[in-house]
Amino acid sequence: MEEDKGREEKEECEELTETIGFVVEEKCNSNNGRGRTFCSNRCRRPINVCICSELPCEPISTSTQIVILQHPHELRHKLSTGPVLPLCLRRCQTLVGRRLRPRSCPLLDSQPRAIFLFPTIDPKFPSMLLEDFISSFRNEPSGDDLILILFDGTWRHAKEMVTASRDFLGNFAVQVSLGFDSGVEGGSIFDNELILRKEPFGGCMSTIEAVARALKLIEPNGAEIEERLLGVLRAMVRFQAGYLKPMKPRPRLCKKGKEKSKLNSNTEPLD
């Protein structure tokens with residue numbers, strides 16, 4: 001059993017060069033004839049939640065090269081924002097796997113100037129604020145373009161991918177964050193127009209929002225790029241919010257409340 005699991009993980013790692021565009025197209029084609037119509041234009045999403053009108057007419061050019069490592073489970077997740085980024089940004093490459101290592105990405109094998117974005121509360125691996133890194137980066141002699149690395153998955157999966165990739169990335173990349181507060185509860189789709197999934201703590205965000213916030217600081221026209229990407233995210237959140245059902249109290253809580261009310265009504269004051 002463990003041998004089969006290890007073989008499966010090895011195969012997933014060896015498929016890192018698979019691009020997300022092919023995966024999404026294959027996934028859409030597999031649904032043909034099953035009663036659900038998919039957009040055949042760009043976004044490849046179900047036609048009732050098509051976001052093509054929100055996408056840039058042409059992918060936006062940036063001096064920054066973006067590399068996204070997407071966890072294999074995200075391929076099946078309906079709320080993943082990672083697949084949208086290559087449709088918005090010209091220099092954006094998505095890999096599918098569980099870790100980055102030598103020969104997993106030719107762009108990284110030369111150990112270029114790079115940063116990987118991930119907030120951490122582990123004192124052993126402190127992250128540098130992106131603003132501080134950009135200040136020092138701009139003061140250095142001009143050289144190769146910066147590479148921005150992100151990990152697309154749930155909080156647990158992203159943490160596992162960062163841990164598995166740290167030995168490789170530690171040779172050339174700097175860990176940065178956009179600022180966070182682990183003592184503050186993360187938001188949800190019910191209280192924020194930019195959140196698709198419940199976040200673990202304050203400062204955590206979706207992949208597309210993280211890229212938008214980072215490029216705002218890195219690129220000369222970063223504010224414009226940020227607004228275009230956040231416009232796409234808002235559309236995704238708006239569609240998802242439209243399908244949410246009103247939250248009902250859990251039966252267990254209702255039962256406890258009724259029992260407490262009944263107990264109070266049956267208790268008579270002593271004379």
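Reader: What share of the 271 residues in the protein is buried?

Author: Happy to start there: buried residues make up 40% of the 271 residues. Buried means under 20% relative accessible area, exposed means over 50%, and partly exposed is in between, using a 1.4 Å probe and protein chains only. This is a predicted model, where local features need pLDDT of at least 70 and side-chain atom pairs count only at pLDDT 80 or more, while totals for chains, interfaces and linings use all residues. Residues are numbered from 1 along each chain as its sequence is written, and side-chain values use heavy atoms, with hydrogens and water left out.

Reader: How many helices and strands does the protein have?

Author: There are nine helices and eight strands.

Reader: How do I read a pair of packed helices?

Author: Two packed helices are described by the angle between their axes and the distance between the axes. Here, the axes of α7 (residues 207-218) and α8 (residues 222-241) come within 7 Å and cross at roughly 170 degrees. Axes are lines fitted to C-alpha atoms, for helices over the stretch in contact, and angles run from 0 to 180 degrees between N-to-C directions. The two helices are therefore roughly antiparallel to each other; angles under 35 degrees count as roughly parallel, over 145 as roughly antiparallel, 65 to 115 as roughly perpendicular and the rest as oblique.

Reader: Which residues of α7 and α8 meet?

Author: On the α7 side they are I208, E209, V211, A212, R213, L215 and K216, and they meet G222, A223, I225, E226, L229, L230, V232 and L233 in α8. Contact means heavy atoms within 4.5 Å. By class, this contact has 10 nonpolar, one polar and four charged residues. Ala, Val, Leu, Ile, Met, Phe, Trp, Tyr, Cys and Pro count as nonpolar, Asp, Glu, Lys and Arg as charged, and the others, Gly among them, as polar.

Reader: Now the loops. Where is R44, and what is its phi?

Author: R44 lies in the loop between α2 (20-29) and β1 (65-70). Its phi is positive, about 60 degrees, although R44 is not a glycine. With a relative accessible area of 25%, R44 is partly exposed.

Reader: And where is Q111?

Author: Look in the loop between α4 (106-109) and β3 (114-117). Q111, also a residue other than glycine, has a positive phi near 50 degrees. Its relative accessible area is 41%, so Q111 is partly exposed.

Notes:
Helices (H or I, at least four residues) and strands (E, at least two) are DSSP runs, numbered from the N terminus.
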